[in-house]
Amino acid sequence: MTNKTEMHGWYWLAVVILLATAAFGARGLDADALWDDEIHTYKDAGAVQYGDKTPAEVWQTIAVRAQDQAPGYSVGLSVWTRAVGWSEFSARVPSLLFGLMAVALVYRLGAIMISPRVGALAAAVLGSSAFFIHYTHEVRAFAVGMAFAALVLLCYWRLIGQRDGRVWPSAIGLVVGALGVLHSHYFIALILPLLAVYHLGFAPKDRRWWLPVGLGVPVIVLFAPQLPIFLTGVDDNSNREALHRMALSPQATVLELLTIFGNGYAVLALIMCGGALLTLRQAENRSAKVFVLFMGIGLGLVVVGVNGVARLLDPGRQRYFAGAWPALALSAALVFDWLWSMRRGVGAVALASWVAVGVWAMRPEGLSNRFDGAEVAEWRAFHDIVERYISEDDVIALHSPGLPWLAIPYFRHYTALFPARAELIESLETEAVMQDYVANTERVWLTIYERYPSEPLLMTFDGVLEDDFVPCYTWNAPEFDIQLLARSPVFCPGQPLAQFTDGPALTGFTVDDRCADATTAYLGWQVPEGFSAAAYSFGLYVLDAERQVVAQADAGLPSPIYGYQRQPLTLTDINAGTYTVGVGVYAWQTGERLLLTDGNPLAEVGTLAVDDAGCAAFSP
């Protein structure tokens with residue numbers, strides 16, 4: 001095999017690795033519900049649930065609410081979602097795209113520093129890291145930060161290590177990368193002072209040496225407006241005593257770094273780091289190896305040291321190591337390259353074993369369970385069940401025993417776009433408040449979060465509902481028991497009383513028995529998705545024996561998918577007798593009627609008996 005052919009072979013292997021990384025990351029784009037930090041990102045970036053924000057307003061929101069957070073990711077996410085929408089899938093896609101960019105940049109860095117083989121091996125290590133893949137499908141800045149960290153390393157090496165003739169593309173890339181890490185996450189931005197130390201201690205002191213120094217000026221100038229906010233955030237974090245008490249010790253932090261780098265096995269990472277240091281004994285490409293190890297192992301140790309002082313990295317916050325991942329992947333690639341150069345089969349087996357361990361760690365019960373957000377309940381299952389049948393006059397009551405405040409951000413997020421009111425039972429506190437909460441509704445969604453044993457407040461709320469509500473349905477979702485209760489069975493979704501062709505189904509109907517000139521009809525509808533409900537109205541008709549309309553009421557249809565309505569019906573001047581009650585659906589602009597499946601335009605839903613005293617009694 002010629003050198004050129006071999007180079008092309010490693011290039012195509014890198015392409016295969018990119019495709020595999022895309023597949024690993026894409027599996028998680030829509031696999032689980034958002035967790036607490038992702039929901040905070042939604043809030044900061046102006047998601048539809050929390051009110052639209054311009055990019056400038058997003059920046060200001062973070063400056064006020066979260067001074068310890070870099071604003072760039074949320075601003076970028078705001079711009080992205082204005083174009084593609086706010087689905088969980090679409091909001092997570094940028095993380096995957098930047099993750100793929102990180103893999104490509106790591107390949108390129110390894111290729112120009114040492115060889116295309118090292119680049120491809122590094123890409124394989126990064127793409128098979130369960131830690132890395134986890135953050136390629138989160139609405140968080142860490143995959144973005146890893147891509148910018150890789151860009152910083154690549155552009156710096158092209159300026160100082162490779163010293164090719166294309167200075168300005170690398171100079172611009174270094175500035176963009178530096179601003180990118182500063183505006184993604186401040187722990188990832190630790191790569192910049194570490195790079196400065198490397199530049200002072202190891203870079204050749206010639207005219208080219210001053211170029212990165214000069215490029216630091218626009219970076220500092222452009223970041224300067226954020227600096228006071230950053231310093232305020234540092235000061236705020238210094239007072240977070242609860243977090244400080246949970247922070248890992250330096251020894252535990254090092255062990256955690258080794259564990260996640262080794263895809264769950266600290267000993268593998270320790271062997272890999274030791275092997276990478278041993279490659280320094282080889283004279284070939286020593287300066288490149290020093291750079292890689294300094295930036296990878298060095299940045300990991302810097303994070304350990306900063307956490308020892310600031311005490312912010314508690315169990316689950318391993319994400320603060322993200323900036324070291326590109327260089328750590330290159331460090332591991334040095335070992336595989338060394339084995340490969342000694343005996344190809346040994347290197348191939350070692351790499352395949354490492355990749356297999358990483359893929360195994362990616363399974364749902366694998367390494368990701370160590371990270372914050374791994375144990376989020378299936379809030380999306382709760383949302384999807386309720387969304388199908390919710391109506392604007394409903395109320396939702398969640399019983400979240402144990403630590404109810406932990407459920408609040410999830411409950412608020414996944415009910416924010418519902419037209420109904422939603423409250424935790426724990427916030428209602430007394431029986432009188434509970435009675436007031438359900439007083440003006442026909443239906444209650446009683447949802448029990450089953451992670452912890454129920455508490456007495458649930459019995460109190462059940463007692464409030466017992467006399468006035470009947471059960472409609474119960475749905476079981478993972479960790480949730482969802483019950484729909486209604487004042488009358490007519491408000492329960494059920495088999496259609498009447499199905500209009502290519503249109504809505506009438507699922508329930510009744511009329512109040514009253515002795516007055518007016519009464520109220522109650523209708524339940526199931527409107528199919530895609531049906532233009534706004535273009536149609538329903539008519540409620542009271543017909544005499546000659547099929548003449550003696551009373552009528554018209555109103556618009558509810559929006560998809562399910563809804564019930566109270567419709568006043570005036571019975572003035574109706575003589576005593578028995579009348580037929582019918583319901584029809586028509587396009588209000590043209591008058592064209594939808595037909596029932598049997599071809600009739602009117603669904604006869606019952607009779608209305610009116611006596612001499614003006615009292616009306618409905619019979620279905």
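Predicted model: local features only at pLDDT ≥ 70, side-chain atom pairs only at ≥ 80, totals over all residues.
Residues are numbered from 1 along each chain as its sequence is written, and side-chain values use heavy atoms, with hydrogens and water left out.

**The largest cavity**

- The structure holds 1 cavity of 30 Å³ or more, a volume being the space filled by probe spheres set on grid points that are joined across faces, edges and corners.
- The largest cavity is lined by V125, L126, S129, F261, N263, W325, A329 and W354, lining residues being those with an atom within 4 Å of a point.
- Two or more residues of this lining come from helix 6 (116-127) and likewise from helix 17 (325-342), helices being DSSP runs of H or I with at least four residues, numbered from the N terminus.
- The cavity lining comprises 6 nonpolar, 2 polar and no charged residues, where Ala, Val, Leu, Ile, Met, Phe, Trp, Tyr, Cys and Pro count as nonpolar, Asp, Glu, Lys and Arg as charged, and the others, Gly among them, as polar.

**The largest pocket**

- The largest pocket has a volume of about 1,300 Å³, a pocket being an open set with protein on both sides within 12 Å along at least five of seven lines.
- Of the 50 residues lining the largest pocket, W35, D36, D37, R317 and D372 are the closest to its centre.
- At least two residues of the pocket lining are supplied by each of helix 2 (36-44), helix 3 (55-65), helix 4 (72-84), helix 12 (227-237), helix 13 (241-246) and helix 20 (404-415).
- The lining of the largest pocket divides into 24 nonpolar, 12 polar and 14 charged residues.

**Helix 6 and helix 17**

- The axes of helix 6 and helix 17, which are lines fitted to C-alpha atoms over the stretch in contact, come within 7 Å and cross at roughly 125°, with angles running from 0 to 180 degrees between N-to-C directions.
- Helix 6 is therefore oblique to helix 17, since angles under 35 degrees count as roughly parallel, over 145 as roughly antiparallel, 65 to 115 as roughly perpendicular and the rest as oblique.
- The contact, meaning heavy atoms within 4.5 Å, is made by R117, V118, L121, A122, V125 and L126 of helix 6 together with W325, A329, L330, A332, A333, F336, D337, W340 and S341 of helix 17.
- In the contact of helix 6 with helix 17 there are 12 nonpolar, 1 polar and 2 charged residues.

**Helix 5 and helix 6**

- Helix 5 (residues 88-113) packs with helix 6 at an angle of about 150°, their axes being 6 Å apart.
- That angle makes helix 5 roughly antiparallel to helix 6.
- A102, V103, V106, Y107, G110 and A111 of helix 5 make the contact with P116, V118, G119, A120, A122, A123 and L126 of helix 6.
- This contact of helix 5 with helix 6 has 11 nonpolar, 2 polar and no charged residues.

**Helix 10 and helix 16**

- Helix 10 (residues 191-201) and helix 16 (residues 286-310) pack at an angle of about 140°, with axes 10 Å apart, and are therefore oblique to each other.

Terms used: 1 Å grid on protein atoms, 1.4 Å probe; cavity = no way out; pocket = protein on both sides within 12 Å on 5 of 7 lines; lining within 4 Å.
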